[in-house]
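Subject: Structure handover

Hi,

Here is the structure I promised you. Please open it and keep it beside this email while you read.

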Amino acid sequence: MDEQFLDSLYEAAVVPELWPQVLRRFQEIARGAGAVLIAVTPSSNRWISSSPEFDQVVSTHFNRFPGNERTRRLLERRHAGFLRDIDILSDAEMASEPVYRDYLLPQGLGIGVATSIASPTGEAFILHAERELGEGHVEDQLIARFDRMRPHLARAMLLSSRLEFERAQGAARALEAIGLPAAILDREGRALALNPRFEALIPSVAVDRPSRLGLVDTAADGLLGAALQARGQIASATVRSIPVARRENQPPLILHLTPIRGVAHDIFSRAASILVVTPVVVKDVPTADVVQGLFDLTPAEARLAALIAAGHRPREAAAALGVMEETARSTLKRVMAKTGLHRQADLIGLLRGAGVTSDPSGRG
C-alpha cells in the first residue's frame, strides 16, 4: 500500500485544492498519460484532471461524445473495484465506438483503468487513468493494488462531498445572520440549502419544486428559469437581478442570482448558485424596466413611474415623455392603483426604498 498516497488522499478530502496533486500521483502509479476525477449526474459531468493538457482530452471526450459506451458501461457494471477498457468492451466494439475510433485511438490513447463510486446524493464519482497505447493494458497486479486503495478513495471522495455540502449550508446561515433570505441551488436550480428567512418566503413567494426552485410570480419565475439556464454561459460570473412584484402584505423584492465559482472545478460541490432576496433598496432610483417588473406595469406606466421616482412632477414627466399632462396624470392613476398606493409621495418613497421593510420574510 502506498502510505504517502493515502495520506495525500485524506488531505485532499479536506482541502480540495490538493486533488490535482493526488491525481498526478495516481497517474504516476498507473504509468498513465493523465488522470481525472469525474462527478457524473444524469444531466452533467464535472471533473478535475491531473494537468491542463489532459483536461483538454477529458473535455473533448465528454463534449464531443456525450453518453458514450465507455462511461455508460463502467457505471452500469457497478463493480466494486477497478476495470480496464478490455473488461467492458471487446476489441471489435472499441473499433466501432466513436469515442475510440474518432478520438482516443488516433490520439494514441484508449487504454484506461477506472472505478466508479456511488454517492448518497445520487452522483457517481469516477477515478480514471489513461494510458498511451504503447504502454499496453494495465497489469493484473496493478489492478489488485488499486482495488486495495479503493475503500480509501471512496471515503475521501464522500468526505469531500459532505464537507462541500456543509460549506453551502454555512453560506446560507451566514446570510441569515445579516438578515438576508438565501437559497443555495444546484446546477439544475434545485434547492440544496435554505436558511430560515428564505423558508419563511415559502409558499407566498417561492415554491420548492422537485425540478427546481420556483417563484409564485409567473413573470419572475420565467426570468429565474432563464437565468439558471444561462448560468454556465456567464464567463464573467455576473449577478442576475430578478424583480418580484408586490403581493398583498409582501413588499416588492429583488432576487439576486450569483454563480458560485470553485477552485479547480470543485467537483465535489453540488452548489452552483446562491439566490439572495432583498427588498427594494435605499439606493439609486430603479430603472424603468425594473419598475415594470416589480409592479407589472406597462412600458409607458413604468417610464412615467421612474420619472416620478426621480423627482419629476407629472407636468415635467409629461413633457419628458412627449405626452399631454392629462395623459400623464391618468397613467399615474393606473400606476397608483397597481402599486396599492394613494399618494404620489408614497410612490416616490416606495420606489426609492424608503419605508420598505428591511426584512423581506416579513419578520420585521
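In which loop is Arg31 found? Arg31 is in the loop between α2 (19-30) and β1 (34-40). Helices (H or I, at least four residues) and strands (E, at least two) are DSSP runs, numbered from the N terminus.

A word on the source. This is a predicted model, where local features need pLDDT of at least 70 and side-chain atom pairs count only at pLDDT 80 or more, while totals for chains, interfaces and linings use all residues. Residues are numbered from 1 along each chain as its sequence is written, and side-chain values use heavy atoms, with hydrogens and water left out.

Phi of Arg31 is near 50 degrees, a positive value in a residue other than glycine. Arg31 is partly exposed, at 38% relative accessible area. Here buried means under 20% relative accessible area, exposed means over 50%, and partly exposed lies in between (1.4 Å probe, protein chains only). Arg78 also has a positive phi, near 50 degrees. Arg78 sits in the loop between α4 (69-77) and β3 (83-84). Its relative accessible area is 71%, so Arg78 is exposed. Pro203 belongs to the loop between α9 (196-199) and β8 (206-208). The peptide bond from Ile202 to Pro203 is cis, with omega near 5 degrees.

Next, helix α1. It has 12 residues and spans 17 Å from first C-alpha to last, close to the expected 16 Å (1.5 Å times one less than the number of residues). Phe5, Leu6, Leu9, Ala12 and Ala13 of α1 are buried. They cover an arc of only 120 degrees around the axis, so they lie on the same side of α1. That arc is taken from the directions from the helix axis to the C-beta atoms. Glu3 and Gln4 are exposed on the other side of α1.

Now Arg148. This residue is in helix α8 (residues 140-177). Arg148 is partly exposed, with a relative accessible area of 46%. Arg148 and Phe82 are 66 residues apart in sequence, yet 9.9 Å apart in space, C-alpha to C-alpha.

Last, the whole chain. The protein chain has 15 helices and 12 strands. Of its 364 residues, 50% count as buried. Take contacts (heavy atoms within 4.5 Å) between residues at least 6 apart in sequence: 57% join residues at least 24 apart.

Best wishes
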